[in-house]
Amino acid sequence: MYSPQRKDFVSLTLGDQHSRSYTNGKHRRQSCWRKWKQLSRLQRSLILFLLAFLFICGILSYPSLTEQWRGLSDRSLKEDWVEIDNRGLRPIPPGLVPKLPPGVVPEVQDVPPEVMPEIQRPSIPLLPKPPAMRKPPSKRGPPALQKRGNVSDWQVKDGEEAMMKRDEDAGKEAKTVISWRGAMIEAEQGTELQSTAHGKEGTVADSEEAPDLKPVTAKAVDRVEEVREAFRHAWKGYKAFAWGHDELKPLSKTHGEWFGLGLTLIDALDTMWILGLKDEFAEARKWVETELSFSKNVDVNLFESTIRILGGLLSTYHLTGDTLFLDKAKDIGFRLMPAFKTPSKIPYSDVNIGKGTAHPPRWTTDSTVAEVTSIQLEFRELSRLTQDPQYQSAVEEVTRQVHRLEGKRDGLVPMFINTNSGKFTRRGAFTLGARADSYYEYLLKQWLQGGKKETELLEDYLQAIEGVKKNLLRQTSPGKLTFVGELSNGRLNPKMDHLVCFLPGTLALGAHNGLPADHMDLAVQLVETCHQMYAQMETGLSPEIAHFNLQSNNGRDIDVKPADRHNLLRPETVESLFYMYRFTKDSKYRDWGWDILQSFNKYTRVPSGGYTSIGNVRDPLNPAPRDKMESFFLGETLKYLFLLFSDDNELISLDKYVFNTEAHPLPIWPSASMRAEA
C-alpha cells in the first residue's frame, strides 16, 4: 500500500461506452467477481449462452467419443496380449511377413498342416484397458542391467515412445529413421511381426467382432533364408563401394585396404557356394579370374594370408572342382614360402609376395605362437594336392619344434616365440585368447585331418586341455558361470576374450571323435558363458573382452571395461553354437544363434549395404559404429549361422571336413593319401 498523501487533482478513468464504473486508484487489484459485475448485461448474457452451447454440443457428441475410446482400448489391449505372449524376445527384422489389409483375418485352413501345431494359440477374451496402462517394451538382460548402462531415464522413455509410434505407423510407407552418428537404421516396412520363443513370427488378426476372436496364425521363420538375405545385404554394400578391395567401410561408403588382394571377396567365395548364391559367386569368380594378381610389391601377414586367402581358395576348389582356384592357391602358397627362411625355421610374420622377401615386425624379432602354429592345415593340404612336399615339410618342422620346446606349463604355451633362437619369449603369460588361441585348435584339427594317426598332436592337445582345467578354469561367484581366465606370472586374471569362445566347439568336436566325455561337459558349460556374454549386454552383442566376478558380495557375473566394449562381428560364439547343435540337436543353440543374428540386424546393419562393427555394446541408443566390416563376417560369421540353421547334416559333414580357423572347410584325408611325403 502506498502511504496516504493529499492529492491536489482528481483521477478519472474513462471506459468503453458500455462501462459504468470508474476507479480512483485506491485499489490496485480487483476480484474476478467484481470484474464480472463490471461487464454489461449484454456481455454477460453472451458468455453464458456460449458456455451453454458448448455444454450441449459435448453431450450430443459423447456417444461417438466413447465409441472411439472403446476401439482404442481394444486395440491397445490386443497389442498388450501380444507383448505378454512374447515377453523378453527381441523383434525379428522387418520385411518377412506382409501386413494383412485392414479387416482381413487369416484363416486357419490357409496354413500348412505341418505348421499347424506350432502356430495355434488359444483365443483370449478382451477386457477393457485404457491406453495409459500399456507396458513398456521388454528389456534384454537381467534386472541389474535393465537400466541400459549409461542411458538416462529420459533417453529410455524417448526410445519407448519411438517404438510405440513405429508400431502405430506399421501400415504406412517405408521410411528411413536417422540413428546413431550419421548411420541410419533400416527403413521400416509395413509389417506387424512378433517373435516367438523358437524364432517364429506371426501376425495378430485385428477382428472388429469380439468376442468371436479367431485363433491367431503365424508363419514359421525361414532362418536359413534370413542368413541368405543378410549375406546379400552385406554383399550389396561391398559390391557398390568396395569391389575388389579388402574391406568395406559401409557408413562412409568407401573401402579400406590391408593387402590390396580383395580379402572380403576371397574370404566369401565358399560361403556363397554353401549358401547357394550362384549369381554372386559367378561375378566373384570372374573377378578372381581376370583381376586377382599376387604379383604385387606388398607386404602381407603370413598367418592372415594363409587362413583367409590360401584357405579360402583351397576350400572353394574342393567345393566346386574348379581348377582356377587351385591354380591361384598354388601361386599364393609359393609366394609365402620365403617366410620360412629363418635361422630357426620359425617363420617371419611378414612376406613381400612381389619381391620374395620376408621379415619380422619392425618392433620385434618375435612371432606370435598362434600365427606360426595355425598355418599347418592349409600348407599340408597344398602339398597333398600338388604332390610337392615343401609346403608340408616347412610347417611340420614348426610343429615339431614347438612340441619339444621348454617353457610350457601343463601343456599351455606362452604367446611369443623368437624367429632367431626358436625359443619361447616373454614366458609366464598363458592365455587361450589372442596370440595363442588357434594353436590349441590346430592340434586337434591336424590330428583329424591326417586320419587320427599323428599321436604327438593328440598328446599335446589332451595335455593342454588338462592344463586349462588346472590353471585357467574358474567359476563366477554369483551365477556359477564357467570361464577360462589368463595366467600372468602365477596370478589369474579373470578376463576372457571373445576369441576364447572357439573352445566349446573344439571340445565338442574332440568328444565327437572319441575323446573324453568330460570334454563335452566342459563345452556345455563354456558355451553357456559365451551366450551370457551376449545376453547380458543391452544390445545383445558380446564385447571383445569380458571380465568375470569372483567375489560373492558383487551381484554381477560379467563386467565390461570401457576400452573393451566394442564388437567386431566376430564368429567364435556362433561357431561353437554350430558344433553344439550338430552334436546334441538341442534347439536352444539355434535360438541363441537367432538372437545374435537379430542383434546384428538391429544394431550393425547399414541401410545402403553392409554391416559395421560397433564401439559400445552397452549402449543401444548410441552403439558407436566404427565404419568397418571385417572380411570374416562373410567368411565365418554368416557361414556358421547358415550351417547352424540348416537341417542338412551332410552339408559340410564334420566326419568329412575340418574347418580352418577362418571357417574354410578342408577335406579329411583319404587313408590312401595321408601324407604327401609317403
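Start by selecting Thr 661, which sits in the loop between strand 22 (657-659) and strand 23 (665-667). Keep in mind that you're looking at a predicted model.

Is Thr 661 buried or exposed? Thr 661 has a relative accessible area of 17%, so it counts as buried, since the cut-off for that is under 20%.

Next, show what is around Thr 661. Leaving out residues up to four places away in sequence, Thr 661 touches Phe 303, Ile 307, Ser 438, Glu 441, Tyr 442 and Glu 636. Pick out Glu 441 from that group. The side chains of Thr 661 and Glu 441 are joined by a polar contact of 3.0 Å.

On to the next stop. Which residues does UniProt label "active site"? The unreviewed entry puts that feature at Glu 304, Asp 437, Glu 544 and Glu 572. We'll visit two of them.

Select Glu 304 and colour the helix it belongs to: that's helix 9, residues 302-320. With a relative accessibility of 15%, Glu 304 counts as buried. Show its contacts too: if you skip residues up to four places away in sequence, Glu 304 touches Trp 258, Phe 259 and Ile 309.

Now jump to Asp 437. You'll find Asp 437 in helix 14, which covers residues 437-449. Here the relative accessibility is 13%, so Asp 437 is buried as well. Which residues is Asp 437 in contact with, once neighbours within four places in sequence are set aside? They are Ala 370, Leu 432, Leu 499 and Phe 502.

Zoom in on strand 11 and strand 12 (residues 416-418). These two pair in the antiparallel sense over 3 bridges.

Conventions. Residues numbered from 1 in each chain as written. Predicted model: local features only at pLDDT ≥ 70, side-chain atom pairs only at ≥ 80, totals over all residues. Heavy atoms only, no water. Helix = DSSP H or I, 4+ residues; strand = E, 2+ residues; numbered from the N terminus. Buried < 20%, exposed > 50% of the residue type's maximum accessible area, 1.4 Å probe, protein only. Contact = heavy atoms within 4.5 Å. Polar contact = N/O pair within 3.5 Å; in protein donor to acceptor, adjacent residues only side chain to side chain. Pairing = 2+ DSSP bridges. UniProt positions renumbered as here; feature names shortened; annotations may be inferred.
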